[in-house]
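Please walk me through this structure.

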Amino acid sequence: MTDSEKKMLMVNACKVRIGIIESTHAAKAGHPGGSLSSAELFTYLYFKEMNVDPRDPRKRDRDRFVLSKGHCAPGLYAALALKGFFPWEDLKTLRHIGSYLQGHPDMKSIPGVDMSTGSLGQGVSAACGMALAAKLQNNPCRVYTLLGDGEIQEGQVWEAFMFAHHYKLDHLCAVIDNNGLQIDGPVDQVMSPYPILDKLRAFGWEAAEVDGHDYDALEGVFAQAKTVKGRPFAIVMKTTKGKGVSYMENQVGWHGKAPNDEQAETALKELNAELARLEGM
Amino acid sequence: MADVKKIATRQGYGEALRELGAAHDNVIVFDADLAGSTQTAMFGKAFPDRHFNCGIAEGNMMAAAAGAASMGMVAYASSFAMFAAGRAYEQVRNSIGYTGLNVKIGASHGGISVGEDGATHQCLEDFTLMRSIPGMVVMSPADAVEAKAMVKAAYEHQGPVYMRFGRSPVPVFHDEAAFHFEIGKGEVMGDGTDIAIIANGLLVAEAVEAGKLLADRGVSARIINMATIKPLDEEIVLKAAAECGKIVTCEEHSIIGGLGEAVCSLLSEKRPTPVKRIGTPDVFGHSGPAAALLEEFGLCAANIARVAEEFARS
């Protein structure tokens with residue numbers, strides 16, 4: 001990755017974070033914590049990895065993305081808006097009556113959303129079905145899905161992991177955002193999903209762990225994913241929940257709570273300062 | 001009806017899938033370790049590359065079917081009614097219903113006639129559950145010919161469909177060559193005026209028999225096969241209410257939330273008419289041979305005739 005490309009991604013991730021704060025603040029609800037921890041991932045997928053075209057959001061051979069942890073819609077929406085799927089200003093209508101930006105992703109109303117999600121565990125199954133169909137159709141697309149580390153407590157996730165291995169879905173790539181926190185507390189206190197990598201490998205997946213905020217690491221692992229044949233690939237992404245907003249980082253309370261006026265102002269001041277720093281680099 | 005050929009409606013499902021598979025490349029079939037029972041194995045044998053066993057994992061199957069449908073496939077997903085509509089309810093609601101994707105759920109072994117397996121496998125709530133999902137078409141064929149036609153109509157229909165098939169062989173009374181099926185249209189099978197009997201599934205054949213018993217007793221019954229529970233054929237129900245004045249509903253399902261309630265809801269708002277519902281009461285089933293269970297719960301011609309006659313004369 002060139003320096004300018006990395007700078008573009010860092011700038012865009014910062015803009016995605018600004019979108020997350022602006023939208024959840026305007027909605028007075030939503031899930032900033034896990035959206036922020038996935039900001040680099042969203043940016044990497046939409047600005048480096050995936051074959052998508054905002055002018056033709058339904059094109060047949062586009063890569064698919066399923067946000068299995070659908071509550072992190074604010075992060076996805078900000079990335080889609082930044083990419084040009086819909087106007088950035090619309091982010092402020094998130095969760096409002098009459099807005100197409102539903103609290104959780106709605107494929108029927110939102111350009112660029114490939115699957116409606118929100119009920120945890122179902123998105124990864126849908127991604128498996130997409131990958132299966134793509135094979136039958138000789139569609140060269142790849143299918144990406146993002147899960148939460150709390151989400152993998154759902155039994156259905158492991159049904160899907162079995163399925164993906166059984167049907168050799170090697171164009172499927174699942175990313176698990178391991179920020180370590182869920183609504184009721186640290187994941188290992190609520191119901192430990194660990195060891196995640198070992199479990200994935202036991203289910204027949206090729207799996208790797210990376211720093212989810214490091215673009216060099218993301219580039220390396222997504223390149224590695226494409227070299228694997230005959231089995232699906234999983235990325236366990238170590239991240240910081242609430243990343244980029246000082247008072248939200250590693251705070252479980254920011255899982256599903258919107259910043260108030262004052263908090264939003266503080267967050268945006270921090271993020272805009274960071275944006276200015278990155279743009280001046 | 002000893003001289004009539006008996007075939008289970010699930011067999012009609014299997015045959016229709018095989019024919020659809022030959023006609024359309026975009027038909028894909030999922031099953032959950034019950035392919036031999038649901039009859040999707042027929043499709044699997046003919047088109048092994050488009051038949052996917054998901055193992056005993058119905059939740060994943062339903063959402064995976066939705067994913068495949070989002071790619072332009074028409075996905076049929078099968079299990080027993082209990083697990084398709086019951087266990088995987090929330091996957092059906094959120095990944096199939098909410099998305100409006102082209103998933104057709106083929107649920108076999110519905111109702112009390114599952115028999116010996118007992119209450120855990122006798123799904124008496126699937127119509128209720130599936131009716132409650134916005135946009136879901138809910139159907140239950142009366143015989144194998146209707147089942148076959150229904151499965152093909154489901155292919156042409158844009159959006160989610162739930163079809164319930166039975167385990168036990170039932171009389172085939174439709175002529176395949178002449179039969180035309182339309183989603184949402186009831187079928188009048190005997191045009192009486194004293195009372196109307198609206199049935200679906202294997203109780204249609206019983207209702208037809210009941211109609212003959214009633215005729216012998218001087219009661220003229222209109223028999224209606226209501227294969228589509230949702231959307232309900234309102235016209236045929238309102239006409240029956242206007243012309244017969246009393247209605248009996250019959251279904252191999254709980255009286256809570258199924259065909260009977262659908263008919264009652266319509267009539268209470270548009271044309272209040274006395275209705276008696278024949279179905280299972282608010283109890284679980286139990287093990288036994290299908291015929292014995294159907295008789296025990298009054299899901300047979302003799303009981304339908306008894307209830308209808310008493311009602312007609314009251």
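Ile198(B) has its bridge partner in β13(B): that partner is Thr249(B). This is a predicted model. Strand β10 of chain B covers residues 195-199. Strand β13 of chain B covers residues 247-254. The two pair in the parallel sense, over four bridges.

Now step back to the sheet. It is open and has five strands, in the order β9-β11-β10-β13-β14 of chain B. The pairing within this sheet is mixed. At the edges sit β9 (187-191) and β14 (275-280) of chain B, and each of them pairs on one side only. From one strand to the next, the twist averages 20°.

Helix α11 of chain B, residues 259-270, lies across β10, β13 and β14 of chain B. Relative to β13(B), helix α11 runs at about 140°.

Gln122(A) belongs to helix α5 of that chain, which spans residues 122-136. Is Gln122(A) buried or exposed? Its relative accessibility is 4%, so Gln122(A) counts as buried. The cut-off for buried is under 20%.

What does Gln122(A) touch? Its side chain makes a polar contact with the side chain of Ser119(A), at 3.1 Å. Other contacts come from beyond four places in sequence. In chain A, Gln122(A) is in contact with Ser68(A), Glu151(A) and Gln156(A). In chain B, Gln122(A) is in contact with Ala63(B), Glu90(B), Gln91(B), Asn94(B) and Ser95(B). The contacts of Gln122(A) therefore involve residues of both chains, and this residue is buried at 4% relative accessibility.

Key:
Residues numbered from 1 in each chain as written. Chains lettered and ligands numbered in written order. Predicted model: local features only at pLDDT ≥ 70, side-chain atom pairs only at ≥ 80, totals over all residues. Heavy atoms only, no water. Buried < 20%, exposed > 50% of the residue type's maximum accessible area, 1.4 Å probe, protein only. Polar contact = N/O pair within 3.5 Å; in protein donor to acceptor, adjacent residues only side chain to side chain. Contact = heavy atoms within 4.5 Å. Pairing = 2+ DSSP bridges. Axes fitted to C-alpha atoms, helices over the stretch in contact; angles between N-to-C directions.
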